[in-house]
Each structure stands twice: as C-alpha cells, then as structure tokens.
Amino acid sequence: MAESVVCQNIRVSGVVQGVGFRPFVWRLARELGLGGWVRNDSRGVEIEVCGAAEQVKSLIDRLEQEAPPLARVSGVVARAAAPAAHDGREFVIIDSRSGRVGTMIGHDTAVCRDCLAETFEPSNRRWRYAFSNCTNCGPRYTISRGLPYDRVRTSLKPFVMCPKCQHEYRKPEDRRFHAEANCCPKCGPQLRLVDAEGQPLPDDPLAATLALLRAGKIVAIKGLGGFHLACDARNAVAVALLRERKQRDEKPFVVMLANAASAAMFVQMGIGEPGLLTLPTRPAILIKKRGNCDAALPGVAPGLSWLGVMLPYTPLQFLLFHEAANRPPGLGWLERAQDLALVMTSANPGGEPLVVGNNEALLRLYGIADAFLTHDRDIVTRCDDSVARITSGGLQFIRRARGYTPRAIKLPISGPSVLAVGGWFKNTICVTRGDEAFVSQHVGDLDNAAVCDFLEENVAQMVKLLGVEPAIVAHDLHPDFHSTRFAAEFAEQRRLPLLGVQHHHAHAAAVLAEHGMQGKALALSLDGVGVGSDGAAWGGELLRVDGDSFRRLGSLAPLALPGGDRAASEPWRMAAAVLHRLGRNKEIVERYAAQQAAPAVAQMLAGNVNCPPTSSMGRIFDAAAGLLGIKAVMAYEGQAAMLLEGMAQRYGDVLPLDLGWKISQGRLDLLPLLAVLADEKNPERGAALFHATLIAALADWLRTLVPDEEAVVGSGGCFLNQVLVSGLRTRLSAQGMRLIEARQVPPNDGGLSVGQAWVALQHLVGR
C-alpha cells in the first residue's frame, strides 16, 4: 500500500439508522475517492475507510456537518485501522452486524415532498399509493422490532420487494438506496375499507372513505402509531355523534387540515407559525381561534380560545385531501386552501391505549366507528400524536410522542442505566443509557388496566431496544400509583435499589436535565397535586434543588379540599373552601344550590371533616373558576383552568389588584384576590384580573424570598398556561431574573419521568 494512504475505523453514534446515513457515507466516500465499507450494527454506524490522509479527514469532518436531515449525530470517533485491500476506488455497503446495542431507532417523519410529487403524478407507478416513503421520510419507530435497523426487523418483512423497488434499493444515486421500508402498489401494503362488521366495502377505498365522511359517518383510519377516529369537522351532527360514542362530552378535538392556508381560515396565524405546522415531525399545535371558528367547526373545541391543528403526515392522509380536491395532478393544489376539515382524534375508547391492530379495531371500536380504513402493514409500537403550543421560545410540548420519541435528551453526566416510571397522569417512562435519557411516548393516565399493561410493555420494549440493564428504579412518592407498585415489583425481581422522588422535585429536575444544569437551582413548581415529603398534597412550591436533594423554601397558603380528591374535579367545592375561609360559609348552599352536595360540603368545611389541606396552584385556578361561575364540575382534567385562561386572553390586559396577596413566613396567600373574585359579576374581567394579579404576586413572592437570585426554573402543569407564563417571564425579566422553561419535554406530568431519572442518576454517581 502506498505510503500516502491511511486507514481509519470510524464509529458514528446517535440516530443514524433508518435515516439514509449509509447511502450518505457511500456517496461521500465515492466523491472523495476513498475505498472501504460502511455498515449498521447495534451501536450505530461503523465505517472502514482507506485513502489519502486529507480526504479521509474531510470525510470525518463532513459526517456530522452534512448528515442527512433525519440523522442526529451524537459522536464521531476515529482510530487507526490495519491496512486493508482497498484500492481507493471501491467503497461498498456491507451487511449489518448485531451485538450490544449502542444506538437507537429513528423517529417517525412526515412524508417528504419528493414522495408526494410521485404520489400525485398520474404517470408515476406510485400514483395514489398510500405507503410511499424513502430514506428521508416515513415510519421508523412504529414499524421497528429491533436493531440494527434492517427490513427483516420491521413490519415490512412480509412484503418482498418487486424488481423495480429492488432496483431503487440497490441504486446508489436513488433516494431509496437502502430505504428499508421501500414499497410500491405491486409489492407493498394495501388499503382495505370494511364496514362495522368487518365486511369489505366495494369500490376505491379512498373515494368510499371520503364519501362516508361527507355523509356524516365516523371512520376509523389506521395511521402510523395507531388508529384515528375521523369525521367531518364542519358537520355538527357528526361531531356530536363522535362525542356521544366516544363518551368525550367537552374535551377538544384536533382538526386535520390540508395545509397552512386551510388552517388560516380558522386560526390566527402569527409569524413563523405556518412553518411550525409543516415541521417534519408534524405535532398537533394549539393556535388562537378566529372569531368564526366555532361557527365553522361547531362543537370541535367548545369554550376554548384555541384550536388544535394538525397537517397530514402520511400519504394516506394526504390522499384523502387529494380525493376531496378531485385528484388534481402535481403539487400545486397543496399551496391553496382546501375545504375539507377532519376531526382526527385518537382511537382509544374510555381512555385506554391506542388501537393498533385490524382485528383489535373491529372489536374495541365496535359501536363507535361506522367503517374502518385499514391496511396490512402492522403497527409494532403504539405512538400517539404529539401536541404542542407555540410560545415566544418556540414549541412547548403538551404531549410528546410521535415524531419525537425515541429522541434522546443529552445529559451533562454519564452513569449507570436508570429506569424511571413517571406518575399517574399523562404517564411516560424514561430509561437512561450513558449520558442520554430516552423518554417514551405518551402512555396515558393509569386509571385502567389496559394503560397499566401498556406502561409495563413500554418498559420491556425500551430496555430491550436500548440494550441496558437498569441499576436503579425511580418512582413517585405516592404509594397507590400503579407506576409506584410496578417499580417496586420490577426492582424486587431484579434485586435493584428503589428511589422515591418527590413529585415537584422531579418536575424541576426534568427542566434542569434538558438544560444540562447541575448544582443548586431555584425552582418554582406549580401544578394540580403531588405528594409532598410530609405526606400532604403539594402543588405550589418554591424549592431549592441540589442534585438528588431539595429544600422547600416556601409554598402557597393552604386551602381545604372538601371531599378530598373529589374537589380536584369540582371547582365549586374549591370555591366553597374560599368562601368558608372568608367567613361566608352560609353563602355556600345558596350559591351552589344546583349542587346536591352543597349542604354537606358546607358542613364538612365548618367541622373540618374530610377537608385535607393543599398548597396546589391548580386548585387555586379551580377556585377562581368556581367563584366566577365559569365551571362548576369539570368534564376533563384542567378544563376550568383552560377556560379561565381563554377568557383572560379574550378580555385583554388589566392592572393587577392592589393588595391582592399576602406573604408571611414564606407562604404566598392569594385569599385577598379570591375575595374580590367572589363578588365579580363579569367572568372575563375576573379571569383577566386573576391572571394579572397572580403574575404580580408570584414575582413579588420570588423577590421577597430570594431577592438576589438570577434565574428560576418553572415547572409543573400550570406552566402550560401562556397568559401566566408570558406575563411572569416579563415581570421576572424586569426584576433581573430569568425564567428557565421546559422545551424538550412537557412541563406537566408527561415530563415527570425525565426528572425522576435525572435525580436517580445524580444519586448514583454523586454530585
């Protein structure tokens, strides 16, 4: 071998499988005149390359700088390799190799424009094909059974590629070069439309589905990570029927629209918002409604100021809009507003996990769906749609799932693997490997056996995919959560240590983890409820966090929970607790005469029977909503606070109430504000006054207790309230204090497992 030739073995880690990385390396090596090979293995991508030293260095530098759009390179490590028989001209992709897992499967991505162009070109062999994909787009996580990422480990294994698809797969210049999910109408999955009894319906499945939707029917449509229940969002009768059948009385639905131009008919699109709607990850995004929205989409998002909007992300979904537009050729129609608007809600009856199988759909959605648009490609992993809202700092997750799972969150330290099992509401689990935290897709509320089973399946799958054995299991302090009991069983079976992490400590730690922050930090944690270290119900906490420990600096003044947990879903009870504290107990029965339990609640408060105290900010929001007559009994969790926020947005800015709060012995007491709301006749003005005064009170509380602090971490479900957060951010900035917010995971309980994992990892490795 010539003296000027060097050989290097290169290890690339991160999300580098199923994203076109090997073809990218092949093209780069050929361009640079290098010889060698590239392959997938269980740790990522391995490359052996020989050639001129300068060209080899160029390849190494460009691996990260020019990586494919779906790749996330976390490391490139090169070392000298023994001279090999590469002549400097031949570079090949070789078969994958198994071993100890050190990489992760990529996330699902919306179909790319190139694939859409083929789908909408009548002369193309993929014209109106519902499963087009390439190395730059399509499903990954939801079709994968294991690593390395190869077709035999996906749900495409049963579909043998036809000669034309094989040619694309083997042709280096093609964007489907080594696209493991490559397929076409001749060799790939096929659509099938069946009625409620499972009997095939005649004619074109797409055309027939659209006809059913336009006729006011409900159709279950198989997606990437599960089924959706779809209906015509403009049809009030169809929307009401879906609510009745799904037993979802008032909770808002997400609407799928063809493009941003279509969305602009219903929502107020700000600068940059159309681009966020078209992200390849395609989350559903909450956007402020236009005045005509509720009339145009009756019953879709009742009483709220925003609409959940999602654009199509699979060829199948695009094809429904294409059908409604009368099958125009090309992509031009996608630049124009389209009339079709579809409710697309998760097919999970009764709060159960998503329906994923064809036979399962017929059984579990019987009586809900009138027809089923299915196909024969299996969904390996359930994965719900991600939901986010737009803030001044970009997207903020409400639910993190499809498109983002299983992306890793980089941690500032490395250590043994940790399993964290989250809480009760909006459960997720988190597994760490080295200096990365992998948070699962949304699991759901652990209030039925099916969701509890899904949590356990998720743990088994995540541990298997990551190839780790946890060294510790972290959980919430609440002893009755299924996640807590499961953690104990899992740890006992494997003889692992358990670590209980206080709920609000975990909320704060989740934000610290994603920002790579170690050491002491100030944290403001505001949510509905979490068991405190003293066993009481916390929820409005100012904490000094230091790694795996914390200290409570202050809290909201306690308010009674008349009837215990029941008060969390009945804001009138929290309003009654306020009236009692104000010495107005006698008003409770008359004011809430419509509530059968009002006399009993008044008596409970008077005798302090079954009225445990809580420092919860969520219950303060409920009390305000109850006092203003906005919502007496909630139809879904957080409804009262969401309605209150919407009313404040509609009313606009007001000055905070003078002397609307008191601070004593570290406690923030909002009773003076609530006393004013008790006599407020205009609910919208009251909502605006509540938010303005709360913002001023929180800022004053921080200034009083920690006057020299430069930053505070904001966490907990209340930090999804944009009126509160934007106002607090501005107030604190004026005081010289920066608000550090959740970005990569939700601030609510969906991020709890990440915080638990970060606390446990610091516990293991020391501070």
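Buried here means under 20% relative accessible area, with exposed over 50% and partly exposed in between, using a 1.4 Å probe and protein chains only.

A word on the model. This is a predicted model: local features need pLDDT of at least 70, side-chain atom pairs count only at pLDDT 80 or more, and totals for chains, interfaces and linings use all residues. Residues are numbered from 1 along each chain as its sequence is written, and side-chain values use heavy atoms, leaving out hydrogens and water.

Back to the cysteines. The structure holds one disulfide, a pair of cysteine sulfur atoms within 2.5 Å. It joins Cys-7 to Cys-50, S to S 2.1 Å. The link of Cys-7 and Cys-50 is right-handed, with 115° about the S-S bond. Cys-7 sits in strand E1 (residues 5-15) and Cys-50 in strand E3 (residues 44-52), so the bond ties together parts 43 residues apart in sequence. Strands (E, at least two residues) and helices (H or I, at least four) are DSSP runs, numbered from the N terminus.

Cys-165 is buried, at a relative accessible area of 0%. Cys-184 is in no disulfide either; its nearest cysteine sulfur belongs to Cys-162, 3.6 Å away. Cys-184 is buried as well, at 2%.

Now the cores. A nonpolar core is a set of buried Ala, Val, Leu, Ile, Met, Phe, Trp, Tyr and Cys residues joined through side-chain atoms within 4.5 Å. The largest has 114 residues, and those touching the most other members are Leu-524, Met-617, Leu-627, Phe-690, Leu-698 and Leu-702. Helix H21 (residues 683-705) gives this core its largest share, ten residues. Apart from it lies another core of 39 residues, including Val-194 and Ala-341.

Take Leu-702. Beyond neighbours within four places in sequence, its contacts (heavy atoms within 4.5 Å) include Leu-522, Leu-542, Val-712 and Leu-732.

Leu-732 brings us to helix H22, where it is one of the buried residues. Others among them are Val-723, Leu-724, Val-725 and Leu-728. H22 (residues 722-734) has 13 residues and reaches 18 Å from first C-alpha to last. That is close to the expected 18 Å, taken as 1.5 Å times one less than the number of residues. Just after H22, Gly-736 takes a positive phi of about 80°.
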